[in-house]
Amino acid sequence: MNKVTKIVAEVILLVAIGGLIYWLYSNIMSPVKFNKEKDIRKEVAVQRLKDIRTLQVAYKSVNGKFNSSIDSLKQFYENGNMEIVMQIGSMDDSLAVANTEAIKKANRNLKGEQLTAKLQEAYAAGMNVVYSTTTKIPVRDTLFHDRADFCIDSLKYIPFSGKQPVEMDAAVKMVSGVPVPLFEARMPWRALLKGMDNQLRINLDAEQRDLNRYEGLQVGSISAPNNNAGNWE
């Protein structure tokens, strides 16, 4: 083997070794990078699903059922009202309790709002009493008002997906002979992990199927009531 041939062979060997090292490094690091990015995206998606759940529960408290449309939830958030129960006085205040019982006894013929009005009059006059009153407050002043990062317009979309909509359903089903309102909101991995290593994403979906789990993130269920739990919890 002449000197030139030897040098060429050594260069080829070094390139091959370098390629092998890169291949090994890539195969080791690709899943690590994939899982790191997946966890970042998952955190954003989970918060969005929690926000959807919060709105759904509030919507049900007013309307008696869940909604299958995020546009309707947005309208409820922007224009709807919720009833808030406020307690005036404290049951630990013995004088307030005694005054309240005295007013109730003196007005035993009054019920509901009429009795509450009597207690309100006494409170306005400076008397210590205990009673509850219901008032309506705009939903947007009740939910998420302390969240600087909350954006109602983003709620409709799966993050990182290029504005693919969140998949959502609502239904009323009989559970032990009782009609139960149910909802579910879903973000499949294929949308949430868009642009990432597709083969690793396919492998993730396969793992979920093998475990008989949904291939993505989901909150609530219309097929198996779970008290509106998320599958990450």
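Visitor: In which strand is the place of Glu184?
Guide: This is a predicted model, in which local features need pLDDT of at least 70, side-chain atom pairs count only at pLDDT 80 or more, and totals for chains, interfaces and linings use all residues. Residues are numbered from 1 along each chain as its sequence is written, and side-chain values use heavy atoms, without hydrogens or water. Helices (H or I, at least four residues) and strands (E, at least two) are DSSP runs, numbered from the N terminus. By that rule Glu184 sits in strand E4.

Visitor: Is Glu184 buried or exposed?
Guide: Buried means under 20% relative accessible area and exposed over 50%, with partly exposed in between (1.4 Å probe, protein chains only). The relative accessible area of Glu184 is 9%, so this residue is buried.

Visitor: Which residue has its backbone nitrogen 2.9 Å from a polar atom of the Glu184 side chain?
Guide: Contact means heavy atoms within 4.5 Å. Leaving aside neighbours within four places in sequence, the contacts of Glu184 include Glu167, Met168, Gln218, Gly220 and Ile222. A polar contact is a pair of N or O atoms within 3.5 Å; within protein, one must be able to donate a hydrogen and the other to accept it, and residues adjacent in sequence count only if both atoms are side-chain atoms. The backbone nitrogen at 2.9 Å from the Glu184 side chain belongs to Ile222.

Visitor: How many of the eleven residues of E4 are buried?
Guide: E4 covers residues 178-188. The strand is mostly covered, and its buried residues number eight.

Visitor: What is the strand order of the open sheet of three strands?
Guide: Two strands pair if DSSP finds at least two bridges between them. Nine bridges join E3 and E4 in the antiparallel sense, and five join E4 to E5, also antiparallel. The order is E3-E4-E5.

Visitor: Which strands stand at the edges of this sheet?
Guide: Neighbouring strands are turned by 20 degrees against each other on average, direction ignored; axes are lines fitted to C-alpha atoms, for helices over the stretch in contact, and angles run from 0 to 180 degrees between N-to-C directions. An edge strand has a single partner, so one of its sides lacks a neighbour in the sheet. That applies to E3 (167-175) and E5 (216-220).

Visitor: Which residue of E5 is the bridge partner of Pro188?
Guide: Pairs can be read off on either side of E4: Met174 stands opposite Pro179. For Pro188, the bridge partner in E5 is Gly216.

Visitor: Which residue in the turn between E3 and E4 has a positive phi?
Guide: E3 and E4 form a hairpin with two residues between them.

Visitor: What is the phi of Phe160?
Guide: Phe160 lies in the loop between helix H5 (139-142) and E3. With a relative accessible area of 38%, Phe160 is partly exposed. Although not a glycine, Phe160 has a positive phi of about 70 degrees.

Visitor: Which residue's backbone oxygen does the side chain of Arg48 reach?
Guide: Arg48 is found in helix H1 and, at 17% relative accessibility, counts as buried. Beyond its neighbours within four places in sequence, Arg48 contacts residues including Ser154, Leu155, Ile158 and Met187. At 2.8 Å, its side chain reaches the backbone oxygen of Tyr157.

Visitor: What percentage of the 233 residues counts as buried?
Guide: The protein has seven helices and five strands. Among contacts between residues at least 6 apart in sequence, 66% join residues at least 24 apart. The buried share of the residues is 31%.
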